[in-house]
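Please keep the structure in view while going through the numbered points.

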Amino acid sequence: SHGFFVYSNNTETSIFGTLQNESLDTRAGLQWVEDQSVTAGSWLYGLTDNQPWTAIGHSMGGAAVANLSRNDSRVEYAVMLEPYKGSLLGNTSGAFSWFSNFTGSALVIGGDEDATNNWSSQVRPWYNTASGSSRKLWALIDGGDHFGATDPNIHSLWGFGSLPESEQHKAHRKLVTSFLYSEV
């Protein structure tokens with residue numbers, strides 16, 4: 001009803017997953033949606049009109065957003081929630097180095113109490129390196145931890161921010177929604 005078609009994949013969920021495979025899986029899924037959108041008789045017929053893509057990801061998924069945008073120019077809007085930067089999970093160096101070439105709009109969100117992806121050494125550098133972006137936005141949630149964007153059942157396992165989970169979740173929803181409405 002708001003004009004967005006949302007595709008979400010659930011791959012590469014183990015600790016041994018890689019951001020490269022996650023971005024390839026996402027690209028394949030989005031391509032399938034676009035193919036169905038131009039296929040008469042499909043329940044998706046005419047739904048996407050081959051519009052630019054927005055990619056949203058949390059943690060490793062945030063790094064996968066950069067990798068996806070590197071591999072497919074249809075990604076014109078990037079939202080990275082507490083994105084991971086480092087050598088694990090497939091290594092982010094290729095996507096990170098390339099992200100200065102991203103020309104679309106980017107939103108990067110960090111939590112100042114994130115014990116998993118430190119906001120200053122892992123999250124903020126994604127924002128800083130997005131020098132080619134047409135518009136880039138940075139948000140640091142005071143009292144936010146790594147799982148502020150996630151559902152409560154996950155947050156309760158490892159969420160240690162001083163801001164209540166419900167408030168962290170609300171802040172993420174408002175930031176992402178405002179970005180989508182203003183940019184997309």
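1. A salt bridge is taken here as a side-chain nitrogen of Lys or Arg within 4 Å of a carboxyl oxygen of Asp or Glu. By this rule the count comes to five salt bridges. The model is a predicted one, in which local features need pLDDT of at least 70 and side-chain atom pairs count only at pLDDT 80 or more, while totals for chains, interfaces and linings use all residues. Residues are numbered from 1 along each chain as its sequence is written, and side-chain values use heavy atoms, with hydrogens and water left out.

2. Which residues are linked in a network of salt bridges? They are Arg27, Glu34, Asp72 and Arg74. Helices (H or I, at least four residues) and strands (E, at least two) are DSSP runs, numbered from the N terminus. Arg74 also meets Asp72 in a salt bridge, at 2.7 Å from N to O.

3. Glu34 counts as buried at 7% relative accessibility, and Asp72 counts as buried at 5%. Arg74 is partly exposed, its relative accessible area being 24%.

4. Another salt bridge joins Arg135 and Glu183, whose closest N and O atoms are 2.5 Å apart. Here too the pair links distant parts of the chain: Arg135 is in strand E4 (residues 135-141) and Glu183 in helix H6 (residues 165-183), 48 residues apart. Arg135 counts as partly exposed at 45% relative accessibility, whereas Glu183 is buried at 13%.

5. Helix H1 may be examined for its length and its buried face. The expected span of a helix is 1.5 Å times one less than its number of residues. For the 19 residues of H1 this gives 27 Å, and the end C-alpha atoms are 27 Å apart, which agrees. The buried residues of H1 are Leu19, Glu22, Ser23, Thr26, Gly29, Leu30, Val33, Glu34 and Ser37. They cover an arc of only 140 degrees around the axis, which puts them on the same side of H1; the arc is that of the directions from the helix axis to the C-beta atoms. These buried residues pack against strand E1 (53-58) and H2, contact being defined as heavy atoms within 4.5 Å.

6. A nonpolar core is a set of buried Ala, Val, Leu, Ile, Met, Phe, Trp, Tyr and Cys residues joined through side-chain atoms within 4.5 Å. The largest such core has 23 residues, of which Met80, Phe99 and Trp126 touch the most other members. At least two residues of this core come from each of H1, E1, H2, E2, helix H3 (93-98), strand E3 (105-111) and helix H4 (119-129). H2 supplies the largest share, six residues. A second, separate core of ten residues includes Ala139, Ile141, Phe179 and Leu180.

7. Aromatic rings of Phe, Tyr and Trp (its six-membered ring) pair if their centres lie within 6.5 Å; planes under 30 degrees apart count as stacked, over 60 as edge-to-face and the rest as tilted. The count by this rule is six aromatic pairs. Phe99 and Trp126 form an edge-to-face pair, 5.8 Å centre to centre with 75 degrees between the planes. Phe99 lies in the loop between H3 and E3 and Trp126 in helix H4, 27 residues apart; both are buried. By contrast, Trp119 and Trp138 form a tilted pair, 6.2 Å centre to centre with 35 degrees between the planes. Trp119 counts as partly exposed at 29% relative accessibility, and Trp138 likewise at 22%. Ring pairs also link Phe96, Phe99, Phe102 and Trp126 into a cluster.

8. Asp49 counts as exposed at 51% relative accessibility, while Asn50 counts as partly exposed at 45%.

Definitions and conventions
Buried < 20%, exposed > 50% of the residue type's maximum accessible area, 1.4 Å probe, protein only.
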